[in-house]
Amino acid sequence: MDEVSLNSEPVGDDDADEFEIEGDWTMTEYVGQNGIIEGENPLPPAVGMEFESYEDVYYFYNCYAKEQGFGVRVSNTWYRKSKERYRGKLSCSSAGFKKKSEANRPRPETRTGCPAMIKFRLIDSKRWRIIEVELEHNHLISPKSGKFYKSHKHLGLGTKRTLQLDGNEEVQKIRLFRTVVIDAEDDGTVDVDEREFGNDVDYCNQLKLKEGDAQAFLKYFCCSQLMDPNFFYVVDLNEKGCLRNLFWTDARARVAYGYFGDVVTIDTTCLTKKYEVPLVSFVGVNHHGQSVLLGCGLLAGETTESYTWLFRAWLTAMLGRPPQAIITDQCTTLQTAVADVFPRASHCLCLSNIMQKVPEKLGGLFEYEAIKAALSRAVYYSLRSEEFEAAWEDMMQRHGLREHKWLQALYEDRKRWVPVYLKEIFLAGMFPTQPSDVVSSFFDGDLDKQTHLREFLDKYDQALQTKHQLEALADIDSRNASYMLKSRSYFELQLSKLYTNDILRMFEREVEGMYSCFSTRQLNGDGPILTYIVKEQVEVEGNRRETRDFEVVYNAPEMEILCVCGLFNFKGYLCRHALSLLNQNGMEEIPPQYILSRWRKDITRSYVVDHSSNGIDANSPVHRYDHLYKCVVQVVEEGRKSQDRYKFAVQALDEILNKLHLVEDQPV
């Protein structure tokens, strides 16, 4: 062990009274002597992960290191003058270089100056958060060598065992952070605080599990991982080691996110309405306009901490790629968590959920029907923000609503839910813009308030299979060349060759709507950019029709067109007003920038995790090893399916190996 030095110089953080301990030492004194169960494929460290203690960070990183095949050293620890630790740095055991020795036979240098490390710090004197991560090593690592490192000395193999039951609740003692991991005590029992089953249980800090629920989930997760190596789940524990939050997703969802992850709805209906299953689901929309599940979670309560944990878990599963837009219910804690985890995403509030609350929030008011109609007109029929502001002000003044708390909160959030403010955000048809637009839950018909957890699990796979079959049938339907067009429009003919039938049917309504547009006239022009007014007979409340003016800006040289109605961003295809103007200007095809790949039927979408070489550094032996290993796993998966495939795979691998022996490495 190298000499430990005390650095009295300021560290440069936000704490004035502090010092740093520097040195190379392990933390075996913090690891208990009992056997420890390790998770399979531990989650790699990521910025934002939080832990209950300094020791938990070390334990997590050390388990990850053993799985990957490298050792761990505590290279720096920062202390305040009160001797309280507030920051730390864990490094690969090959970090740095040893000091030169004067001995006659100095030990050979085993370090390589490896940069792999994590930095973490104390947050609000409660939890430890990872603030910096470097995963790359500058030397070869192998899982087989993990047992030779000093830091792994006290990591026993342990034994997996079923959860112990006590009373009506199931309690789990779990320590790791990806798969369910249980401390193996000497007597095989679980350490439980008796108050957990009394009236003092804080149910916002612990999932309410009935007898058999935990086993059902554990069995489901284990079976899912056996069938799907890329199945992903994470557990969150409270301070007593009891299950608080849970997240899971499968390989299909993770791949689908790459195609349809631009807009995501986070559905918290089951949680906010106190269902037996406190489900939160991440939902996108596929190339047929069908809902596609991108992940699920169970939360003990509607707290900012739980939402933040869930969103970070989901983002980690999606390889850290946030969506462009997120749609949620209106909820302060939810909005805070979204802003924290997805700071660059456009956060919209579900309009249909807000309008569904109108009877509850405003039903007791005098002149309720008139207020409801005024609110609907302001929200759905305003084309410009100043129109909405004027209509809202008129409603407030006419009906004396200035002191209404719910309406005040809605107005403060207006730029997140009123369509007129959201025209520049692409929403892929997932945001309702008309009273007739319906938004349904992914699990409609499979989940209600009384559905129990185990019953939901039984229905979960069946619901997914039904959705997958509907998508497959829609794919077949879209490839059928016998689709009957409703008009002779060039635009419809063009998209019939490219788009799926479901999206084409929606687009047809805009083609038909071209015939209700008339009197297209140029308003003004500034160089190549021209502004037109397109008139349309539109249906408003009570089946009444009125003529409205729609402003359309057209740039002919760039083939760009923009309508004040904003339909292209709301739905993903051009509106009738833009089509009318293109038609009037002699355009027979929709410009290519308005043909979206997410709706196309001629793109093959494989819901298999892609192990392509994108992002692989061929100069890195670690990258080469990791990529080749994943490629071979694919061969194994295909080769095991039949005897013929097995024989072919073995023969092909032998041929590859023989050819590799003939390759002469080029000098570097």
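This is a predicted model: local features need pLDDT of at least 70, side-chain atom pairs count only at pLDDT 80 or more; totals for chains, interfaces and linings use all residues.
Me: What does the secondary structure of the chain come to?
Reply: The chain has 19 helices and 20 strands. Of its 668 residues, 48% count as buried. Residues 24 or more positions apart account for 62% of the contacts with a separation of 6 or more.

Me: How do you know that Cys270 is in no disulfide?
Reply: A disulfide needs two cysteine sulfur atoms within 2.5 Å. The count by this rule is zero disulfides. For Cys270, the nearest cysteine sulfur is that of Cys296, and it is 9.4 Å away.

Me: Why is Cys270 called buried?
Reply: Buried means under 20% relative accessible area. Cys270 has 9% relative accessibility, so it counts as buried.

Me: What about Cys350: buried or exposed?
Reply: Cys350 has 8% relative accessibility. The cut-off for buried is under 20%, so Cys350 counts as buried.

Me: Why are H2 and H13 called roughly parallel?
Reply: Helix H2 covers residues 213–227 and helix H13 covers residues 453–479. They pack at an angle of about 20 degrees. Angles under 35 degrees count as roughly parallel. H2 and H13 are therefore roughly parallel to each other. Their axes are 9 Å apart.

Me: Which residues make the contact between H2 and H13?
Reply: From H2 come Asp213, Ala216, Phe217 and Tyr220. From H13 come Leu453, Arg454, Leu457, Tyr460 and Asp461. This set divides into six nonpolar, no polar and three charged residues.

Me: What makes strand E13 largely enclosed by the rest of the structure?
Reply: E13 covers residues 279–285. Seven of its seven residues are buried, so the strand is largely enclosed.

Me: Which way do the residues of E13 point?
Reply: In a regular strand the side chains alternate between the two faces of the sheet. In E13, Leu279, Ser281, Val283 and Val285 point one way. Val280, Phe282 and Gly284 point the other way. All are buried.

Me: How do you know that E13 pairs with E12 and with E14?
Reply: Two strands pair if there are at least two bridges between them. Strand E12, residues 263–267, is joined to E13 by three bridges. Thr265 has Val283 in E13 as its bridge partner. Val285 is partnered by Ser291 in E14.

Me: What lies between E13 and E14 in their hairpin?
Reply: Five residues lie between the two strands. Gly289, in the turn, has a positive phi of about 80 degrees.

Me: Why are E17 and E20 said to stand at the edges of their sheet?
Reply: The sheet is open, with four strands in the order E17-E18-E19-E20 and antiparallel pairing. Strand E17 (517–526) and strand E20 (560–563) each have a single partner strand, so one side of each is left without a neighbour in the sheet. Direction ignored, neighbouring strands are turned by 25 degrees against each other on average.

Me: How many bridges join E17 to E18?
Reply: Seven bridges join E17 to E18, residues 529–540, and the two run antiparallel. Asp526 stands opposite Ile529 in E18.

Me: Which helix lies across this sheet's strands?
Reply: Helix H17, residues 576–584, lies across E17, E18, E19 and E20. Its angle to E19 (544–555) is about 55 degrees.

Methods
Residues are numbered from 1 along each chain as its sequence is written. Side-chain values use heavy atoms; hydrogens and water are left out. Buried means under 20% relative accessible area, exposed over 50%, partly exposed in between (1.4 Å probe, protein chains only). Axes are lines fitted to C-alpha atoms, for helices over the stretch in contact, and angles run from 0 to 180 degrees between N-to-C directions. Angles under 35 degrees count as roughly parallel, over 145 as roughly antiparallel, 65 to 115 as roughly perpendicular and the rest as oblique. Contact means heavy atoms within 4.5 Å. Ala, Val, Leu, Ile, Met, Phe, Trp, Tyr, Cys and Pro count as nonpolar, Asp, Glu, Lys and Arg as charged, and the others, Gly among them, as polar.
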